[in-house]
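Visitor: I have a new model on my screen and would like a friendly walk through it. Shall we start with the charged pairs?

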Amino acid sequence: MTTQQLVSEIQKKKSFLCIGLDVDLNKIPAHLLQEEDPIFAFNKAIIDATHHLCVAYKPNTAFYEAYGIKGWKSLERTINYLNEKHPEIFTIADAKRGDIGNTSTMYAKAFFEDLAFDSVTVAPYMGKDSVEPFLAFEDKHTIMLALTSNQGAFDFQTKTVDGKELYKQVIETSKSWKNSQNLMYVVGATKAEYLADIRKIIPESFLLVPGVGAQGGSLEEVCKYGMTKDTIGLLINSSRGVIYASNESDFAEAAAAKAKELQQQMENILK
């Protein structure tokens, strides 16, 4: 999917909502555990109920890898269902990969070619030769961790090195990498006050923003400092706040209601 296709979908749906499909079998409705593939059954119901309200889905691969081969097959069924039924929706493999060049190339093939995701999250700690293999894929997007929403972000990311915070140096350096036009960046919603400085470095790049909702981030604050004029430039992720709105038989309807609430807030901001 190209960036323009994503922007068109945002404009059409008046939404820049991304729903995280982080499936924990201890949290899904009990009746689904009787299904042959409970994870896929849960995801399918969530997708069927919310696809018209969001522009992206983001499965966190850890929640599938934890269940071994069965979990990986559930992930495969989920992405195949999305690509078949809703090809207009942007898909994100939240895998946070990052390794030396040959290994990164294989990671990229796994998510871009075998599973056919539109994008994958990566950790840039090992530098450009760990990220550029992902960037080499045409019409695919690499979403680089820039400033995360967890408390440990302050351990390294905001430390000053040679007079500039490390996260700023990472973002600035990434602009020089080959095919950097394919980069997006993760910036946590709980770090909304940092967005103005980030936009000075990457004024037009898309930002994937987790942390709205369950982690306490403010949608209004994120949009105030992070939204771009022409492309919106934001994908706001909500995972637990949407998919676990209920753990009863009405879970899909409850998820749709929560997604609708977020979509309407976004529509009001876009006016």
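Guide: Happy to. Keep in mind that this is a predicted model.

Visitor: How many residues apart in sequence are the parts tied together by glutamate 65 and arginine 97?

Guide: Glutamate 65 belongs to helix α3, while arginine 97 belongs to strand β3. The pair therefore ties together parts whose separation in sequence is 32 residues.

Visitor: Is arginine 97 buried or exposed?

Guide: Buried means under 20% relative accessible area. Arginine 97 has a relative accessible area of 14%, so this residue is buried. For arginine 97, then, the word is buried.

Visitor: Which residues are linked in a network of salt bridges?

Guide: Aspartate 197 meets lysine 168 in a salt bridge of 3.3 Å, N to O. Aspartate 197 lies in helix α9 and lysine 168 in helix α8, so this pair ties together parts 29 residues apart in sequence. Aspartate 197 also meets lysine 200, at 3.6 Å, N to O. The network is made up of Glu165, Lys168, Asp197 and Lys200.

Visitor: Is lysine 200 buried or exposed?

Guide: Lysine 200 sits three residues from aspartate 197 in helix α9, which means about one helical turn separates them. Aspartate 197, at 29% relative accessibility, is partly exposed. Lysine 200 has a relative accessible area of 66%, and over 50% counts as exposed. Lysine 200 is exposed.

Visitor: Within what arc do the buried residues of α4 fall?

Guide: The buried residues of α4 are Gly71, Ser74, Leu75, Thr78, Ile79, Tyr81 and Leu82. Looking down the axis of α4, these residues line one face of the helix, because they fall within an arc of 155°.

Visitor: Which exposed residues are on the face of α4 turned away from its buried side?

Guide: The buried residues of α4 have cover that includes α2, β2, α3 and β3. The face turned away from that buried side carries exposed residues: Ile69, Lys70 and Glu84.

Visitor: Which residues make the nonpolar surface patch of about 400 Å²?

Guide: One member, methionine 126, lies in the loop between β4 and α6. Methionine 126 has 41% relative accessibility, so it counts as partly exposed. The patch is made by Ile100, Tyr125 and Met126.

Methods: Residues are numbered from 1 along each chain as its sequence is written. This is a predicted model: local features need pLDDT of at least 70, side-chain atom pairs count only at pLDDT 80 or more; totals for chains, interfaces and linings use all residues. Side-chain values use heavy atoms; hydrogens and water are left out. Patches are made of residues with over 30% relative accessible area and no salt bridge: like charges are joined within 9 Å, nonpolar side chains (Val, Leu, Ile, Met, Phe, Trp, Tyr) within 5 Å. Accessible areas come from the Shrake-Rupley method with a 1.4 Å probe; for residues, only the protein chains shown count as cover. A salt bridge is a side-chain nitrogen of Lys or Arg within 4 Å of a carboxyl oxygen of Asp or Glu. Helices (H or I, at least four residues) and strands (E, at least two) are DSSP runs, numbered from the N terminus. Buried means under 20% relative accessible area, exposed over 50%, partly exposed in between (1.4 Å probe, protein chains only). The arc is that of the directions from the helix axis to the C-beta atoms. Contact means heavy atoms within 4.5 Å.
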